[in-house]
Amino acid sequence: MKRLLKGINPWLPVFAFLVVFQTLRGATVDAIYFGFVCVYMIADWKRLIPGGMPERKQVGKRIVWLVILVGSVVLLFNKRNSWLDVLVLIVLLGFAMWLTYYRDHGPKPSATPLMNRTKWVWMSLALAMAVSELFAYIWANVNKDDHSYPTISIIMNPILENPLGRIVFLTCWSLIGVGLLGVWRKPRGGANVDS
Amino acid sequence: MSIPEIEYLIILLAAGVAWLLPKFRPGALSPIGELVERIMHNRNTRIAVIAVWWWLGWHFFTA
């Protein structure tokens, strides 16, 4: 068993749980998406992705700006849930996954106490948000009252129907994505990437 | 304001404090950028984090 699970992505059980959870709540598309992520993680773990493991991609700022601009225009001016929204989001997923798929370079340097503290603070906040959301979802379903127990989606829906709200959300979401992908981050000991 | 809304607000405010604190007291917490750089070091975590980030966009834009 230990040999079989060697090198498993530790996030795989979490995403497998999400597949079950989304299936139980009737969100079929979300369940399919998390199932796809599980398959992708398994393919990566078992080295089934053809083409070998590439080095980290260097993407110019202009390309990133262009992708954000085109994506934002479509997501902003189209009716929510239109086929074009879906298409753009799927293309963005492919682009983001392509950017994250690169060779790891050695183990992480050990964390300082300051970094450990920072990690625990942010993990606690993320967990608190997830638990609050989960309990709101459960209470809303048990009491058949999503007004007294609103999930984040219930709160966000009217905001996203408003163009200004959509601009704010889109900006935050795009910036978080760029920050997570680290496409503009200066490589250690190197110059910043610029096209 | 409902109980979940109060909870979300408290968590968002705490996140704002955690984000701004390193600018004023560098010894209290590391900047969020350094934490992100660290957690994105491993491909396993990179895939998981980006998958969740994308799903949030999907969830809200195609709701």
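**Contacts and helices in a predicted model**

Tutor: Leaving out residues up to four places away in sequence, Phe169(A) touches Met156(A), Leu160(A), Leu56(B), Phe60(B) and Phe61(B). Keep in mind that this is a predicted model.

Student: Which helix of chain A holds Phe169(A), and is Phe169(A) buried or exposed?

Tutor: Phe169(A) is found in helix 7 of chain A, residues 163-181. Its relative accessibility is 15%. Buried means under 20%, so Phe169(A) counts as buried.

Student: What separates the C-alpha atoms of Phe169(A) and Leu76(A)?

Tutor: Along the chain, Phe169(A) and Leu76(A) are 93 residues apart.

Student: In chain A, what share of the contacts with a separation of 6 or more comes from residues 24 or more positions apart?

Tutor: The count takes contacts in chain A with a separation of 6 or more. Of these, the share from residues 24 or more positions apart is 63%.

Student: How many helices and strands are there in chain A?

Tutor: From the N terminus on, the elements run α-α-α-α-α-α-α. The C-alpha atoms of chain A fill a box of roughly 55 × 45 × 40 Å along the principal axes. The count for chain A is zero strands and seven helices.

Student: What percentage of the residues in chain A is buried?

Tutor: Chain A has 195 residues. Buried means under 20% relative accessible area. By that cut-off, the buried part of chain A is 34%.

Student: Is Asp44(A) buried or exposed, and which residues of chain B is Asp44(A) in contact with?

Tutor: Asp44(A) has its place in helix 2 of chain A. With a relative accessible area of 2%, Asp44(A) is buried. Leaving aside neighbours within four places in sequence, its contacts in chain A are Ile49(A), Met53(A) and Tyr101(A), and those in chain B are Arg43(B), Asn44(B) and Ile47(B).

Student: In which hand does helix 5 of chain A pass helix 1 of chain B, and how many nonpolar residues does the contact have?

Tutor: The crossing is left-handed. Residues making the contact include Trp122(A), Leu125(A) and Met129(A) of helix 5 of chain A and Tyr8(B), Ile11(B) and Trp19(B) of helix 1 of chain B. By class, this contact of helix 5 of chain A with helix 1 of chain B has two charged residues, one polar and 14 nonpolar.

Student: What is phi of Arg47(A)?

Tutor: Arg47(A) lies in the loop between helix 2 and helix 3 of chain A, and is exposed at a relative accessible area of 59%. Phi is positive in this residue other than glycine, with a value near 55°.

Student: What is phi of Lys144(A)?

Tutor: Lys144(A) is in the loop between helix 5 and helix 6 of chain A. Lys144(A) counts as exposed, at 72% relative accessibility. Its phi is again positive in a residue other than glycine, near 50°.

Student: How many disulfides does the structure hold?

Tutor: Cys38(A) counts as buried at 9% relative accessibility, and Cys172(A) as partly exposed at 41%. Over all chains, the number of disulfides is zero.

Methods. Residues are numbered from 1 along each chain as its sequence is written. Chains are lettered from A and ligands numbered from 1 in the order in which they are written. This is a predicted model: local features need pLDDT of at least 70, side-chain atom pairs count only at pLDDT 80 or more; totals for chains, interfaces and linings use all residues. Side-chain values use heavy atoms; hydrogens and water are left out. A crossing is left-handed if the near helix is turned anticlockwise from the far one by less than a right angle, and right-handed if clockwise. Helices (H or I, at least four residues) and strands (E, at least two) are DSSP runs, numbered from the N terminus. Contact means heavy atoms within 4.5 Å. Ala, Val, Leu, Ile, Met, Phe, Trp, Tyr, Cys and Pro count as nonpolar, Asp, Glu, Lys and Arg as charged, and the others, Gly among them, as polar. Buried means under 20% relative accessible area, exposed over 50%, partly exposed in between (1.4 Å probe, protein chains only). A disulfide is a pair of cysteine sulfur atoms within 2.5 Å.
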